[in-house]
Amino acid sequence: MMMISMMGGRCYSSYGGSNGDRKSMSKSKSEADVVVIGYNFDSGPSLFSGLQSRGPQANPLAQVLDALGPTEFFKDLQQYAGPNAVLEWRKLLDAVLPLSTAAMALPPLSIRGDLGVLSTAAARYGPSLIKSFLQMGPGAALGATKLLRPFSEILDDLQLKDPFIRNWIDLLSFLLAGVKANAVLSAEMVYMFAEWYKPGCCLELHGIAAIVDALVRGLEKFGGRISLQSHVENIVVENDRAIGVKLRSGQFIRAKKAVVSNASMWDTLKLLPKEVVPKSYSDRVNTTTQCDSFMHLHLGFDAEGIRSDLGIHHIVVNDWKRGVDADQNVVLISIPSVLSPNLTPHGKHVLHAYMPGTEPFELWEGLDRRSAEYRNLKAERSEVMWKAVERAIGPGFSREKCEVKLVGSPLTRKVSSNRGTYGPAVQAGSDTFPGHSTPIAQLYCCGDSTFPGIGVPAVAASGAIVANSLVSVSQHSKLLDAIAI
């Protein structure tokens, strides 16, 4: 079996790299005036929860973009949104947290893409799933039937009308899956709510590189091999079966069992010979709506003069009325050096700001990345991020004092993702993410273009489903026993 990975499940490098983190050792004159060594940037998500949990409800590599403890969150909610917002939020948690029992009763790692699922999932977890429904009571059990419907339906049933609550949930939905609450699956939101807001939830921050290193160690432990900087030119198909891949170097690598692509549906399609792809398959791929792209800002700066209570994560929404999916409106800021000073030289901070899935690729299409027009557009479109950083950090921060200034655009993301997209804009309730098999025998797909969708937990689950489908039911069951779920 071989794996084509162009994106690494939502772990992007804004500058075309493929490592889990980026060390700033040199920069072009267009982006900085000095050379600095020692700043390390996470190229994708840097905040995780649930990685220490065990048992059937363990999170499959959970990504959390904003984890606020319940107690502090209620204080902030009371201060900034008022008592009615607090009441509605408690009402939502009272309804959603019991639903998480049903959402988590069937571990994603038990799923496979053939009839063997009757053994690994239905027979193994069916009794506990039924028990969880009985314990929930008729009201909650009835609500669980909407887990595959848009999350907004649960909000409507609860008659939640507070503007801040609705906006906040839209924001969380958008950051998680690239769509608002009226399009995200309830199951995905319920699952993540249980991680974000359950009593005792904690922050886990050690950098993407540590997770990547652990995955590589596991791969090599069981005889796998990973090849970096090995550009796949095309997937080789013979007699309607995927038999391997040809690299840009000219090397052919034969697959013993299957070829698995973690690239987007659009990028995977481009790797296939046109004559072997059914028109119905290519039509679906080419007509699937894409989420917009990203803008990134990576900074390294002196911590002197910066307030000591600087938080690690900040979200700046310029205008709630425009919607969280409006371009140039929402900026996320992560400053991991607040908790992990080893990421920078002594006395420095490292910062990553980005606009999530709201940057139109059309503005950038066709530009030469070496041109003055491109540099000017980067300066113009990144200004909103600079202002958000200044607002979040406050007095003491100065653009001029930044030792590292790196701006990423949709064109730099295009290296690893079609048109720099965040993924398919699939609307829950009206469409579903594709499965993992393809019309080409021995070719499977996982990642954000497949079920269950966008986000680290979903992408991790999709990869596990494909892996499970390529081994016997007996081997799959032994795995579940070994990890005690």
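Is Asp 481 buried or exposed? With a relative accessibility of 52%, Asp 481 counts as exposed, where exposed stands for over 50% relative accessible area, buried for under 20% and partly exposed for values in between, taken with a 1.4 Å probe and protein chains only. The model is a predicted one, in which local features need pLDDT of at least 70 and side-chain atom pairs count only at pLDDT 80 or more, while totals for chains, interfaces and linings use all residues. Residues are numbered from 1 along each chain as its sequence is written, and side-chain values use heavy atoms, with hydrogens and water left out.

The protein chain holds 13 helices and 13 strands, these elements being DSSP runs numbered from the N terminus (helices H or I with at least four residues, strands E with at least two). Of its 485 residues, 52% count as buried. The chain exposes about 22700 Å², of which carbon and sulfur atoms supply 54%, as computed by the Shrake-Rupley method with a 1.4 Å probe, only the protein chains shown counting as cover for residues. Among contacts (heavy atoms within 4.5 Å) between residues at least 6 apart in sequence, 70% join residues at least 24 apart.

An open sheet of 5 strands is arranged in the order β9-β10-β11-β8-β12 with antiparallel pairing, two strands being paired if DSSP finds at least two bridges between them. Because β9 (313–317) and β12 (404–408) stand at the edges with a single partner strand each, one side of each is left without a neighbour in the sheet. From one strand to the next the twist averages 15°. Helix α10 (residues 372–393) packs on this sheet, touching β8 (293–302), β9, β10, β11 (348–359) and β12, and its direction makes about 50° with that of β8; axes here are lines fitted to C-alpha atoms, for helices over the stretch in contact, and angles run from 0 to 180 degrees between N-to-C directions. The antiparallel strands β9 and β10 (residues 330–334) are joined by 5 bridges, and Ile 315 has Leu 332 in β10 as its bridge partner.

Elsewhere, strands β4 (residues 232–238) and β5 (residues 241–247) run antiparallel and are joined by 6 bridges. These two strands form a hairpin with 2 residues between them, and Asn 239 in the turn has a positive phi of about 50°. The bridge partner of Glu 238 in β5 is Arg 241.

The search of the whole structure finds 20 salt bridges, each defined as a side-chain nitrogen of Lys or Arg within 4 Å of a carboxyl oxygen of Asp or Glu. One of them joins the side chains of Arg 124 and Asp 481 at 2.5 Å, N to O; since Arg 124 lies in helix α3 (residues 117–144) and Asp 481 in helix α13 (residues 473–482), the pair ties together parts that are 357 residues apart in sequence. Arg 124 counts as partly exposed at 28% relative accessibility. Within the sheet strands, Asp 302 forms a salt bridge with Lys 348, their closest N and O atoms being 3.3 Å apart, and the pair links strand β8 to strand β11 across 46 residues of sequence. Here Asp 302 is partly exposed at 29%, whereas Lys 348 is buried at 17%. A further salt bridge brings the side chains of Asp 114 and Arg 112 to 2.7 Å, N to O. Finally, Arg 322, Asp 327, Glu 359 and Arg 381 are linked in a network of salt bridges.
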